[in-house]
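These are my notebook entries on a structure that I looked up piece by piece. I wrote down what I searched for and what I found.

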Amino acid sequence: MPIIEVNNRGVHIQELNKGAAETVLLVHGMFSNLSIYYFNIAPILAKHFHVVMYDLKSHGLSERIENGYDLNSMTDDLVNLLDSLGIDKVHLAGYSFGGLIALKMAARFPRKIKKLAVIEAPDPNDDKTRDIIDDYSREFLEHYVTNFTDTTKVKMGKRQMERNHRMYEYLFHETSIKSDMILEKEFFSAAEISDIQQDTLLLYGANSNCLGAGKKLKNKIRGAALLEVNGDHNIPIQEPVSIGNIMETFFNNG
Amino acid sequence: MDAVVSTAKLNSNEIFDLMKQFITEVIGEEFVEEMDITMESSFTKDLEMDSIEIVSFSEKIKAHFGEQIDFTGWLSNMDLDQLINLNLGTIVNYIEECQ
């Protein structure tokens, strides 16, 4: 499993189809990890693209870090990752919190981003997502229940419960993740969002409570296309093949 | 990192032992000791492996068998129910057929 050193920190990455001319970089959401792309979406994109996935700090198999969960720090991490991989420019896609990171990347480092796909990025200032950490935890648990329990809803086993509990305990109580996220409340109102120039595709679940955020972004980003996919906030799990195919077409055209 | 090893064709028992070794490396010996790993063991229910652990397990298969086995490609054709119910025996059979 490739753990690479980026700024003296261990970052878990996975790459597919290394020889391809163009790269697609995929950013996962909070309390999740790169596996959300690994099994379905990444292999579809890898038919044409070099695909890079990585685990955000303290997520998946990447090293635990106590601070730097604001969008500036998260995008600094991403730029450092690109530099250490020797990649100049990528198509970028991010899901949920990863979608916020992708938007921030396009705003801060426009020359590094070709096209931008934003999947289910929530508005940090939305009433429904105001208590952002609680929302993200629910999202994670829903993800877990959808993925790892069978139709009889077998309870999480002891080892997984302990693993998850340890991750929550760490992120909630030993990192700055909560306070860093609260600082991002006004992100969608910032001028930098309206200044995004890249071709932008917004992918949202037709039944998602984040769909309003997608509409808001469509109004702010010039020429952005909003596509509604069957499902709710968990569309990468519910419709991975659709998401993969839609992104492949989007990144391939033009 | 595991090197790509060009191996002679393995029989199903040998593949099963290798898979057990990979699982042990991924989830840790202390957990494996408490488990009875068989061909019927399912990854999510019996072995309690989560998705990032299955990623690590897949990477070990790739590293060991190289291009002769497209394990991720095979998994990507499964729907959620198939993935949840995936057991060790199915994987052993797949690898045996691919060799």
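**Entry 1: ground rules**

I noted that this is a predicted model, in which local features need pLDDT of at least 70 and side-chain atom pairs count only at pLDDT 80 or more, while totals for chains, interfaces and linings use all residues. Residues are numbered from 1 along each chain as its sequence is written, chains are lettered from A and ligands numbered from 1 in the order in which they are written, and side-chain values use heavy atoms, with hydrogens and water left out.

**Entry 2: chain B as a whole**

I began with the secondary structure, where helices (H or I, at least four residues) and strands (E, at least two) are DSSP runs numbered from the N terminus. Chain B has six helices and zero strands, and read along the sequence its pattern is α-α-α-α-α-α. Its radius of gyration is 13 Å, close to the 13 Å that the globule rule gives for 99 residues, so chain B is as compact as a globular protein of that length. That radius is taken over C-alpha atoms, and the globule rule is 2.2 Å times the number of residues to the power 0.38. Along its principal axes, the C-alpha trace of chain B spans about 30 × 30 × 25 Å.

I then looked up burial, for which buried means under 20% relative accessible area, exposed over 50%, and partly exposed in between (1.4 Å probe, protein chains only). In chain B, buried residues make up 52% of the 99 residues. The accessible surface of chain B comes to about 4,900 Å², with 44% of it belonging to carbon and sulfur atoms; such areas come from the Shrake-Rupley method with a 1.4 Å probe, and for residues only the protein chains shown count as cover.

**Entry 3: chain A as a whole**

Chain A has 11 helices and eight strands, and 59% of its 254 residues count as buried. For contacts (heavy atoms within 4.5 Å), I found that in chain A 74% of those between residues at least 6 apart in sequence join residues at least 24 apart. In chain B, residues 24 or more positions apart account for 67% of the contacts with a separation of 6 or more. The accessible surface of chain A is about 10,500 Å², of which 47% belongs to carbon and sulfur atoms.

**Entry 4: the cores**

Which residues touch the most other members of the largest nonpolar core? A nonpolar core is a set of buried Ala, Val, Leu, Ile, Met, Phe, Trp, Tyr and Cys residues joined through side-chain atoms within 4.5 Å. The largest one has 59 residues, and those that touch the most other members are L26(A), M247(A), M19(B), I23(B), F57(B), I61(B) and I91(B). Its largest share, eight residues, comes from helix α1 (residues 12-27) of chain B. Apart from this core lies another, of 52 residues, with V52(A), V90(A), F97(A) and L116(A) among them.

**Entry 5: two positive phi values**

Phi of N17(A) is near 50 degrees, and N17(A) sits in the loop between β2 (9-16) and β3 (23-27) of chain A. Phi of E120(A) is near 55 degrees, and E120(A) sits in the loop between β6 (113-119) and α5 (132-148) of chain A.

Is each of them buried or exposed, or in between? N17(A) counts as partly exposed because its relative accessible area is 34%, whereas E120(A) counts as buried because its value is 0%.

**Entry 6: one loop residue**

Last, I looked at L56(A), which lies in the loop between β4 (50-54) and α3 (71-85) of chain A. With a relative accessible area of 1%, L56(A) is buried. Leaving aside neighbours within four places in sequence, its contacts are V27(A), H28(A), G29(A), S62(A), M74(A), F97(A) and I101(A). L56(A) and L78(A) are 22 residues apart in sequence, and their C-alpha atoms are 8.9 Å apart in space.
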